[in-house]
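Trainee: I have a structure open on my screen and would like to walk through it with you. Could we take it piece by piece?

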Amino acid sequence: MFTSLFLTIGLIHLIALASPGPDFALILRTSLHRPTALGAALGIAIAILLHATLSLTGISLLIASQPWLFLAVKVVGALYLGWLGWGAIKAARRSSATQALRAGGELQGWNRGLRAGIATNLLNPKALLFFMGLLAAMVTPQVDGLTRGLLILELFLLSLAWFGLLAWSLSTARAQHLLSRVQRPLNLVTGLLFGAVSLSILAELAVEASAYI
């Protein structure tokens, strides 16, 4: 009965996953160390699972309806993404690929990758709005609890498969060799991407604040 719903949401989600953004940049950033990259992939998938769960249970809408709480999410998210961007830009000034990976406190390690993946996606208010808008628009009140649970599982598995495959592919010996040769410009690009997202969130906050002045 809900086959078209699963296919539509899955397709939209895959398109969103393939679009460049902070999650993709984080996988690139950690790809010189496979356990770190795979940990980041799992962390991103877990954060997406949480976003989907919050959206389908109405908690995301509750957060968005509380101005002070949503403001706090935006500020924390913008500052965290900005911090990641600054770390990547500092890494672009270093010549060693190992030093580049460690810049900004991102030491090698599966657990560090996991935490970075969760934080990067979960603290991104744009991800919160995406899932809230997508699921609120397509999942009607008539959809039962079991179907909602399967939709959450679908989004998690698609995210894990995509980012896991990306992390594995980019951390092969051949890919590492190529990435190590362009690590400095790669860090610069990912740093600018993180910074652009951070600044866009802060700009939105500034516009919202000016409306009340």
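**Helices, contacts and a charged pair**

Mentor: Happy to. Let's begin with residues 69-89, which are 100% helix and 0% strand, with end C-alpha atoms 30 Å apart. Keep in mind that this is a predicted model.

Trainee: Which residues does the UniProt annotation "transmembrane region" cover?

Mentor: The annotation comes from an unreviewed UniProt entry.

Trainee: How many helices and strands does the protein chain have?

Mentor: Read along the sequence, the pattern is α-α-α-α-α-α-α-α-α-α-α. The secondary structure therefore comes to eleven helices and zero strands.

Trainee: What span should helix α3 have at 1.5 Å a residue, and how far apart are its end C-alpha atoms?

Mentor: Helix α3 runs over residues 34-56, which is 23 residues. The expected span takes 1.5 Å times one less than the number of residues. That gives 33 Å, and the end C-alpha atoms agree at 33 Å.

Trainee: Which residue just after α3 takes a positive phi?

Mentor: Look just past the end of α3, where phi is about 85°. The residue is Gly 58.

Trainee: Is Ser 60 buried or exposed?

Mentor: Ser 60 sits in helix α4, residues 59-65. Leaving aside neighbours within four places in sequence, Ser 60 is in contact with His 51, Leu 54, Ser 55, Leu 128 and Met 132. Its C-alpha atom is also 8.3 Å from that of Leu 129, a residue 69 places away along the chain. Buried means under 20% relative accessible area, and at 0% Ser 60 counts as buried.

Trainee: What does Ser 198 touch, not counting residues up to four places away in sequence?

Mentor: Ser 198 is in helix α11, residues 183-211. With a relative accessible area of 6%, Ser 198 is buried. The residues it touches are Ala 78, Leu 81 and Gly 82.

Trainee: Which residues make the nonpolar surface patch of about 380 Å²?

Mentor: Start from Leu 146, which lies in helix α9, residues 145-170. Leu 146 is exposed, with a relative accessible area of 63%. The patch is made by Leu 146, Leu 150, Leu 153 and Leu 157.

Trainee: How many salt bridges does a search of the whole structure find, and which residues form a salt bridge?

Mentor: Side chains of opposite charge can pair when their charged atoms come close. The search finds one salt bridge. Its closest N and O atoms are 3.1 Å apart, and the partners are Lys 126 and Glu 204.

Trainee: How many residues apart in sequence are the parts that this pair ties together?

Mentor: Lys 126 lies in helix α8, residues 125-138, and Glu 204 in helix α11. Lys 126 is partly exposed at 33% relative accessible area, and Glu 204 is partly exposed at 33% too. The parts tied together are 78 residues apart in sequence.

Trainee: What share of the residues of the protein chain count as buried?

Mentor: The accessible surface comes to about 10700 Å², of which 72% belongs to carbon and sulfur atoms. Among contacts between residues at least 6 apart in sequence, 86% join residues at least 24 apart. Of the 213 residues, the buried share is 44%.

Technical notes:
Residues numbered from 1 in each chain as written. Predicted model: local features only at pLDDT ≥ 70, side-chain atom pairs only at ≥ 80, totals over all residues. Heavy atoms only, no water. UniProt positions renumbered as here; feature names shortened; annotations may be inferred. Helix = DSSP H or I, 4+ residues; strand = E, 2+ residues; numbered from the N terminus. Patch = residues over 30% accessible without salt bridge, like charges linked within 9 Å, V, L, I, M, F, W, Y side chains within 5 Å. Areas by Shrake-Rupley, 256 points an atom, 1.4 Å probe, with all protein chains shown as cover. Salt bridge = Lys/Arg side-chain N within 4 Å of Asp/Glu carboxyl O. Buried < 20%, exposed > 50% of the residue type's maximum accessible area, 1.4 Å probe, protein only. Contact = heavy atoms within 4.5 Å.
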